[in-house]
Structure formats: structure tokens, C-alpha cells
Amino acid sequence: MKPDITTRLDIEKMVDLFYQKVIKDDQLNSFFAKTNWEKHLPKMYGFWNNAIFYSGGYTGDPLAKHKKLHEKQPLNKRLFDRWEELFFETVDELFEGPNANLAKQRAESIAMIMQMKIL
Ligand code: HEM
């Protein structure tokens with residue numbers, strides 16, 4: 001039995017492993033070629049901490065950011081599917097339980113909204 005996501009440290013573990021997968025992925029890695037990881041990772045810890053524990057601490061606008069990204073380097077359904085596949089794989093590799101399920105649900109619904117509004 002794997003543990004559930006219960007602390008911010010668990011979130012950090014999840015985000016770190018997810019981006020390790022993303023940067024090795026042929027379809028997704030080019031989007032992150034210029035990413036400043038020292039800034040991006042803490043931002044994502046805040047985002048997921050807020051999405052799962054309603055902690056506050058993230059005040060960005062992911063929809064606007066991905067809209068801009070899409071104008072520079074087009075996104076499509078296949079890329080979103082791959083993103084989701086790697087995210088689910090990451091969560092399942094590390095955790096199981098209600099918060100692990102919530103993380104996957106939140107990812108799925110945000111990805112769906114992004115695709116509806118951006119593509
Ligand atoms: C095809 C799918 C996706 C791609 C290629 C993608 C790519 C990116 C890139 C390139 C950035 C900017 C990184 C930087 O600062 O250099 C970013 C930021 C971010 N992404 Fe995504 N993303 C995808 C889907 C998603 C989804 C589904 C979510 C949420 C569930 C998400 C959440 C975020 C957040 C919260 C940020 C930070 C935005 C900010 O600056 O406040 N992304 N993404």
C-alpha cells in the first residue's frame with residue numbers, strides 16, 4: 001500500500017518527479033527549453049498545494065499563461081493527453097488514496113477547461 005499525499009513535501013516529490021518525466025519526453029520537453037526551474041518548481045509546489053489542500057499561496061493565472069504559450073508554440077489535444085498521462089503516472093507511482101485521486105481529478109478538469117478555452 002502506497003501512502004497518500006498528506007504534506008507539502010509530498011507535493012514537492014510529485015511535482016519534481018512529474019517534471020523529470022516531462023523533460024525526458026519527446027513531445028513535451030521543447031516547451032520547457034527556456035524554463036527557469038528555480039522559479040517554476042516553487043510556483044508549481046504552490047499551485048498543487050493550493051489545488052489539493054486549498055492552502056492559498058498561488059496567485060497566478062494559468063489559463064492566460066497557456067493561452068500566450070499556445071500563441072508562441074501551439075498546443076493540441078495530443079500534447080494535453082500526454083501531459084495528463086505523465087501526471088497520472090507520476091501520482092500513481094508515488095501515492096494512493098483520496099488526495100492522490102483529487103490531484104488526478106484536479107489535473108483532468110483543469111486540462112479540460114484549458115483545452116476548451118485555448119484550442
Ligand atoms: C500540453 C500541456 C501543457 C504544456 C505543454 C504546458 C507547458 C507549460 C509551460 C511551458 C509553462 C511555463 C514554464 C516556464 O515558466 O518556463 C507552464 C506553466 C504552468 N503550467 Fe502548464 N502546460 C500544460 C498543461 C498544464 C495543465 C493541464 C496544468 C494544470 C493542471 C498546468 C499548470 C501550469 C501552471 C500552474 C503553470 C504556472 C503558470 C504561472 O506562471 O503562474 N499546465 N506550463
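How do the residues of the shell around the ligand divide into nonpolar, polar and charged? In this predicted model, 14 are nonpolar, four are polar and two are charged. The ligand is surrounded by 20 residues. Thr35, Gly60, Leu79, Ile110 and Ala111 are the closest. Helices α2, α3, α4 and α5 each give two or more residues to this shell.

Helix α3 spans residues 62–72 and contains His66. An unreviewed UniProt entry places a "binding site" feature at this histidine. His66 has 19 C-beta neighbours inside 10 Å. A residue counts as buried with 20 or more such neighbours and as exposed with 12 or fewer, so His66 is classed as partly exposed. Beyond its neighbours within four places in sequence, His66 is in contact with Leu75, Met114 and Ile118.

The largest nonpolar core comprises 17 residues. Within this core, Ile5, Ile11, Met14, Val15 and Trp48 touch the most other members. At least two core residues come from each of α1 (8–23), α2 (37–53), α4 (77–94) and α5 (98–118). Helix α1 supplies the largest share, with five residues.

Met14 illustrates the contacts of one such core member. Residues up to four places away in sequence are left out of its list. Met14 then touches Ile5, Trp48, Thr90, Val91 and Leu94. Ile5 and Trp48 are themselves among the core residues that touch the most other members.

Note on methods
Residues are numbered from 1 along each chain as its sequence is written. This is a predicted model: local features need pLDDT of at least 70, side-chain atom pairs count only at pLDDT 80 or more; totals for chains, interfaces and linings use all residues. UniProt positions are given in the numbering used here, feature names are shortened, and annotations may be inferred rather than shown by experiment. Helices (H or I, at least four residues) and strands (E, at least two) are DSSP runs, numbered from the N terminus. Two residues are in contact if their C-beta atoms, placed from the backbone, lie within 7 Å. A nonpolar core is a set of buried Ala, Val, Leu, Ile, Met, Phe, Trp, Tyr and Cys residues joined through C-beta atoms within 7 Å. A residue is near a molecule or strand if its C-beta atom, placed from the backbone, lies within 6 Å of it. Ala, Val, Leu, Ile, Met, Phe, Trp, Tyr, Cys and Pro count as nonpolar, Asp, Glu, Lys and Arg as charged, and the others, Gly among them, as polar.
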